[in-house]
Amino acid sequence: MSRPPIVIPCAPGTNRDQEAALAIAEAGGDPQIVLIKELRTKKAAFSDYAAVVLPGGFSYGDALGAGARLALEIRAWFWDALNEVAHSGRPILGICNGFQTLVKSGIFNEPSARRFTLTGNANGSFECRWVTLRVEACRSSWLEPLEGTLIRCPVAHGEGRFAVTEPEVVSELDATGQVAFRYVDSDANRNNDTRGRNINADGVYPANPNGSVDDIAGLCDRTGVVVGLMPHPEDHIVDWQCPSGLEEGKGLSVFEALVAAAR
């Protein structure tokens, strides 16, 4: 399977599907954008694909909250199919609105528990700015080749703050290896050779753009197959897209890892 087929489901309001498709193609995959309503007509919605990428945007206008309406559709129509993908080891990636959808569907956090969620940015404003991420040591085998690397890419969201019901949730997520990405301070990483890549944002704006607890920018599930993050790695797949001139890596590496696992 030289170019594995990767489905990009999109709903009304999704607007980052083309960028995700370009990133997948650049990484060596065969992206196929499919409307949610078309996937509903298939008995095995994802059986023909080697991976699933839920892209960013504002599905259904975020009318019920970011990703909430699409999460309801996932639960109602695609829950068994999506879990079949995960249990078969085929990677699933949610980006921004796709991550919000996966979180609110319960694939990371069963809705009856509701121990963490993604909610309004701490400053109450929509944030569109470049950030630096560190890929953490986590349960995701397909992210393992990127462990410890830095990624420079933008955020563009109003409800990206990772929030928990009690502090113990963060330590539990760390203990189970589910924290996949953290925001880090790019200036500190660039100017302090002794601490290097270990400098977290420590909740300080703008390195942490939304007030996420413990600088958490993305998760994986307990199988390690499902991964989600709020920033947009698909917006930095070639060198000229990065305006800062810093040396952090391109977001393309995430898609290369995804395609390798799908292959």
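**Loop geometry, sheet and ring contacts in a predicted model**

Aspartate 214 lies in the loop between helix 6 and strand 10. The model is predicted. In this model, phi of aspartate 214 is near 55 degrees, a positive value in a residue other than glycine. Aspartate 214 counts as partly exposed, with a relative accessibility of 35%. Aspartate 215 is found in the loop between helix 6 and strand 10 as well. Its phi is also positive, near 60 degrees, and this residue too is not glycine. Aspartate 215 is buried, because its relative accessibility is 2% and the cut-off for buried is under 20%. The loop between helix 6 (186–191) and strand 10 also holds proline 206. The peptide bond that leads from tyrosine 205 to proline 206 is cis, and its omega is near 5 degrees.

The chain as a whole contains seven helices and eleven strands. Along the principal axes, the C-alpha atoms fill a box of roughly 55 × 40 × 30 Å. Of the 263 residues, 57% are buried. Contacts between residues at least 6 apart in sequence were also examined, and 77% of them join residues at least 24 apart.

Nine strands make up an open sheet with mixed pairing, in the order 2-1-3-4-11-10-9-6-7. Strand 2 (30–35) and strand 7 (150–157) are the edge strands, each pairing on one side only. On average, neighbouring strands of the sheet are turned by 25 degrees against each other, direction ignored. Within the sheet, strand 6 (residues 127–135) pairs with strand 9 (residues 179–184) in the antiparallel sense, over four bridges. Valine 135 has phenylalanine 181 of strand 9 as its bridge partner.

Helix 4 (residues 97–105) packs on the sheet. This helix touches strand 3 (51–54), strand 4 (92–95), strand 10 (216–220) and strand 11 (226–229). The direction of helix 4 makes about 115 degrees with that of strand 4.

Helix 7 (residues 252–262) is mostly covered, with eight of its eleven residues buried. Among the buried residues of helix 7 are Leu252, Val254, Phe255, Leu258 and Val259. Their cover includes strand 1 (5–10), helix 1 (17–26), strand 3, strand 4 and strand 7.

Four aromatic pairs are found in the whole structure. One of them joins phenylalanine 99 and phenylalanine 108 in an edge-to-face arrangement. The centres of these rings are 5.7 Å apart, and 85 degrees lie between the planes. Phenylalanine 99 counts as buried at 1% relative accessibility. Phenylalanine 108 is likewise buried, at 9%. The rings of phenylalanine 116 and phenylalanine 162 have centres 5.4 Å apart and planes at 40 degrees, so this pair is tilted. Phenylalanine 116 belongs to strand 5 (residues 116–119), and phenylalanine 162 to strand 8 (residues 161–164). The pair therefore ties together parts that are 46 residues apart in sequence. Both phenylalanine 116 and phenylalanine 162 are buried.

Two arginines sit over tryptophan rings. Arginine 40 lies over the face of tryptophan 77, 3.7 Å from the ring centre. Arginine 75 has its charged end over the ring of tryptophan 79, at 4.1 Å from the centre.

Key:
Residues numbered from 1 in each chain as written. Predicted model: local features only at pLDDT ≥ 70, side-chain atom pairs only at ≥ 80, totals over all residues. Heavy atoms only, no water. Pairing = 2+ DSSP bridges. Helix = DSSP H or I, 4+ residues; strand = E, 2+ residues; numbered from the N terminus. Axes fitted to C-alpha atoms, helices over the stretch in contact; angles between N-to-C directions. Contact = heavy atoms within 4.5 Å. Phe/Tyr/Trp six-rings, centres within 6.5 Å; stacked < 30°, edge-to-face > 60°. Buried < 20%, exposed > 50% of the residue type's maximum accessible area, 1.4 Å probe, protein only. Lys NZ or Arg CZ within 6 Å of the ring centre and 35° of its normal.
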